[in-house]
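Welcome! Please take a moment to look over the sequence and the model before reading on.

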Amino acid sequence: MGSSDRLFNRQRTLHEILGGGQVADLILWRRKNQTMGILLVTLAVWVVFERSGYTLLSLVSNVFLLLIVILFLWAKSAAILNRPAPPLPQLHLSEEIANEVTAFIRTRVNDLLSVSQDIALGKDSKLFLKVAAYLWLISIIGGFTDFLTLAYTSLFIVLTVPAIYERYEVYIDMYILKGYRKLCFLHVKINEKYVRRVHNWILEKKKLS
């Protein structure tokens, strides 16, 4: 598919736009087990919060307290009874994953700061209107739901919508571009039929006055 047949005439693939690393692999389900694990764990956390009434701090503290007590007693009893210690995996974050996550976050934060600077200096009125509309929409959504539900829903969208789009990219781009062209054609017709008439009528009134 040529760049002219893609949304925004983009040259890069969706995987490249998302960074092309392990984060992009997770979002686009190239690592299905890990992506599914993230969704299931976050769903479980959301259900626990919704049903139990726990706060984030109290839940995390209780979970870690229970975990370290179990592991501590297990290790002590294993030493006394000459049994093997708890089979813990190596708790280590690889440098590759850390660098990729850091680069991904740094890029997004820099983009956000650049946009904020342009808005603050009044350089881009259209961008200001877009950001204001998005913030207003978020404010409305926030009035209907709590932060935890919004966070899980956002994560669910991030881990599903890009993957669905990548799978059906040709069809989605085709229909969106068709709809966009029809809207452009309709805009031209309305402009010729009504807006120009009103504009000409205003000019005639000015001439007569």
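Helices (DSSP runs of H or I, at least four residues) and strands (DSSP runs of E, at least two) are numbered from the N terminus. This is a predicted model, in which local features need pLDDT of at least 70 and side-chain atom pairs count only at pLDDT 80 or more, while totals for chains, interfaces and linings use all residues. Residues are numbered from 1 along each chain as its sequence is written, and side-chain values use heavy atoms, with hydrogens and water left out.

Let us begin with the overall picture. The protein has nine helices and zero strands. Of its 209 residues, 13% count as buried, where buried means under 20% relative accessible area, exposed over 50%, and partly exposed in between (1.4 Å probe, protein chains only).

Now for helix 4, which covers residues 56–80. With 25 residues at 1.5 Å a residue, helix 4 should span 36 Å, and this agrees with its end C-alpha atoms, which are 36 Å apart; the expected span is 1.5 Å times one less than the number of residues. After helix 4 comes asparagine 82, with a positive phi near 55 degrees.

An unreviewed UniProt entry lists residues 33–49, 55–75, 127–144 and 150–168 under "transmembrane region". Such annotations may be inferred rather than shown by experiment; the positions are given in the numbering used here, and feature names are shortened. Two of these stretches are set out below.

Threonine 149 lies in helix 7 (residues 147–158). Is threonine 149 buried or exposed? Its relative accessibility is 17%, so threonine 149 counts as buried. Beyond its neighbours within four places in sequence, threonine 149 is in contact (heavy atoms within 4.5 Å) with Trp46 and Glu50.

Finally, the charged pairs. How many salt bridges does a search of the whole structure find? There are two, a salt bridge being a side-chain nitrogen of Lys or Arg within 4 Å of a carboxyl oxygen of Asp or Glu. In one, aspartate 25 pairs with arginine 31, their closest N and O atoms 3.8 Å apart. Aspartate 25 is buried because its relative accessibility is 15%, whereas arginine 31, at 28%, is partly exposed. In another, glutamate 166 meets arginine 30 at 2.5 Å, N to O. Glutamate 166 sits in helix 8 (residues 161–167) and arginine 30 in the loop between helix 2 (22–27) and helix 3 (32–52), so this pair, 136 residues apart, links distant parts of the chain.
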